[in-house]
Protein chains: 2
Amino acid sequence: MRYAVIMAGGSGTRLWPLSRQGQPKQLLPLFEGRSLLQLAYDRAARLVEPDRILVCTGAPYAKDVRRQLPDLREENLLGEPVGRDSLNAAAWPAAVVDRRDPDAVMAVLTADQLISPADVFVERLAEGFAVAEADEAALVTFGVVPTFPHPGYGYLERGETLAGFPDAAHVVAFTEKPDAETARTYLATGRYWWNSGMFVWRAATFLRQIEALLPATYAAVRDLADAPTRLGEIFPALVKTSIDYAIMEPVSRGAGTAHVVAVALPIQWQDVGSFEALATVWPADASGNVVQGAAVVAEGRGNLVVNADDESIVALFGVDDLVVVRTPTATLVMPLARSQDVKSLVGHVAARHGDDLA
Amino acid sequence: MRYAVIMAGGSGTRLWPLSRQGQPKQLLPLFEGRSLLQLAYDRAARLVEPDRILVCTGAPYAKDVRRQLPDLREENLLGEPVGRDSLNAAAWPAAVVDRRDPDAVMAVLTADQLISPADVFVERLAEGFAVAEADEAALVTFGVVPTFPHPGYGYLERGETLAGFPDAAHVVAFTEKPDAETARTYLATGRYWWNSGMFVWRAATFLRQIEALLPATYAAVRDLADAPTRLGEIFPALVKTSIDYAIMEPVSRGAGTAHVVAVALPIQWQDVGSFEALATVWPADASGNVVQGAAVVAEGRGNLVVNADDESIVALFGVDDLVVVRTPTATLVMPLARSQDVKSLVGHVAARHGDDLA
């Protein structure tokens, strides 16, 4: 049977004041009223029955996740008491799934990026399931086909095409974020894909690799699946580490008992983790202003205005290239090109006005 | 007996979104929690008993005026059904006062400017009362001693000093807004004062001039004082005109039966009708930012931030010389130097989002 686990644990502040401690990026209804989490769920639900879709998130977000995903079964919502990075956000659900169904094949999906077209993603996810169903020892990862030499991403190097699966290839190596020159070389060779951080595997195969490489984690997540009431005791004690660092990279170098395969994802894969990035996702008017919600821009160009406070209006006059965001409890005004720096502003706000506004 | 009438009828939009159709500039609690109306009342109350202070305002603002001035007697609150300019805002109360007390001496005061020091103002207002008490035929106006050659104000030209009143003088002429060169000449001569639009006179003397120069208005305000229930019928039919144009200027040229006298006001007299003007009234921090309410400015200079929305925070990062205003229903962002143009923005907002937000 096919399962899907959506990892939705982030708590970024780069979209403050839209995202806050209580409402992270993936829960914001920014895309025609849907959140990244809902979009990820919609894609998964085209291949996986709703009662076999799990969501792993921070415990404080559980209530919002339940509200956004009314079809999600209560026992499929796993709330982490503390963040313990991606390995544990996948290993805990893997143990839960494996306990229900020892033959389960599971997808591990993220909810951080905007993906289009969804049809292509779903088609390639189906191919990933097919690979893992055909090959018990496969750890399938997804490689986004790069469209420009992005130096900020990790890459994976593809080897031979997989027999019977024209869009899948063996993986030769994982590489860390390259410098700009190296990124250009990667793009030119056509052999490097962006590491998407999404996977398909048999739950049992993934757990066997954890058993071999991190035996303490293996024992802990098995205990957690058997005794969910011990969550608060077991989860915080887990070693914080990522799937790539703990499993995929060692296995690609010969450790463990599996092998790594990648399926190509020829999709638009947009990081919407900053206002500058969001401004490229939404349509602009004739003056290059991007407006979401009730707002007026007069005599200004290239502004991003997001009004998430119903019953209010935001008005800009004679200003250019700003990001202006209004929520029920905060207003942000800064140059759009500096929106990556909003984190440091959140520090100022928290220092002056308390954590509840940050 | 001494009376005071505060004219508080304005409805400007140059402080949008702080000022709106429902809450004009003079009612905004911008000065250590007090409004211009409250400050005007406080000054008047140092010379006049509370039950002899009247306020003439637009009928829609009556409720807010009552809330801001708890000592104001109900029958002393005159609500104009429509604006009919300053002559009628003074003539109606004059008829009401004269009916109560035929010997009344009344001050006519504005609530548009920030005045300091209040002690000097009160001392000179007392001198104005004394002049009008000593001379039944005097129409006393107040001339602000200019500190720079302001081309935007009307001026009055002083003649001989009044016997027994060292700070008062006869008025030779009223002049319209001068050009910049003329304004400099005015300042150099020392004989020109800014026309403050504030007055003291016997109510009966003022009414006699109206009787001579605008007999229809005289009959109407007498009727209004006798039959207040006819307000909605009488007031809208009044001719719209100003005190200066209809009375002071003709009388200074020999019309009517009175003569014009001015008392010097050596005060700071600040028009706070635009955000640029407000920014000079409030204290600035070391970076030249002026902040009112809960707000943070990081890496920015010369901004004016007004947060009038409790329970919210406004944050600016890396921007200079902007005005940012947040109220419970609107946010404004524009260059501070262009804040005079906010009126045209309000037109945009009303066109796009309806009058209730403008």
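Predicted model: local features only at pLDDT ≥ 70, side-chain atom pairs only at ≥ 80, totals over all residues.
The overall arrangement comes first. Chain A is superposed on chain B by a rotation of 180° with 0.0 Å of shift along its axis, and the RMSD of this superposition is 0.1 Å. The two copies are thus related as by a two-fold rotation axis. The same surface serves both copies, in that 100% of the contact residues of chain A recur in chain B.

Within chain A, helix α1, which spans residues 36-44, is largely enclosed by the rest of the structure, because seven of its nine residues are buried. The buried residues of α1(A) are A:Leu36, A:Leu37, A:Gln38, A:Ala40, A:Tyr41, A:Arg43 and A:Ala44. What covers these buried residues includes both strands and helices of chain A: the strands β1 (2-8), β2 (53-58), β4 (105-110) and β5 (113-116), together with the helices α2 (62-68) and α4 (118-134).

Another helix of chain A, α3 (residues 85-100), contains A:Ala94. This residue is buried, since its relative accessible area is 0%, a value that falls under the 20% cut-off for burial. When its neighbours within four places in sequence are left aside, A:Ala94 is in contact with A:Met106, A:Ala203, A:Phe206 and A:Leu207.

In chain B, attention turns to the pairing of helix α3 (residues 85-100) with helix α6 (residues 203-213), whose axes come within 9 Å and cross at roughly 125°. The two helices α3(B) and α6(B) are therefore oblique to each other, and α3(B) passes α6(B) in a left-handed crossing. On the side of α3(B), the residues that meet the partner helix are B:Leu87, B:Ala90, B:Ala91, B:Ala94, B:Ala95, B:Val97 and B:Asp98, while α6(B) contributes B:Ala203, B:Ala204, B:Phe206, B:Leu207 and B:Ile210. Sorted by class, this contact has eleven nonpolar residues, no polar residues and one charged residue.

The surroundings of α6(B) extend to other elements as well. Its buried residues are B:Ala203, B:Thr205, B:Phe206, B:Leu207, B:Gln209 and B:Ile210. These buried residues of α6(B) pack against α3 of chain B, and also against the strands β4 (105-110), β6 (138-144) and β9 (192-202) and the helices α7 (215-226) and α9 (243-252) of that chain.

Definitions and conventions. Residues numbered from 1 in each chain as written. Chains lettered and ligands numbered in written order. Heavy atoms only, no water. Buried < 20%, exposed > 50% of the residue type's maximum accessible area, 1.4 Å probe, protein only. Helix = DSSP H or I, 4+ residues; strand = E, 2+ residues; numbered from the N terminus. Contact = heavy atoms within 4.5 Å. Axes fitted to C-alpha atoms, helices over the stretch in contact; angles between N-to-C directions. Parallel < 35°, antiparallel > 145°, perpendicular 65-115°, else oblique. Left-handed = near helix turned anticlockwise from the far one by under 90°. Nonpolar A, V, L, I, M, F, W, Y, C, P; charged D, E, K, R; others polar. Least-squares fit on C-alpha atoms with pLDDT ≥ 70 in both.
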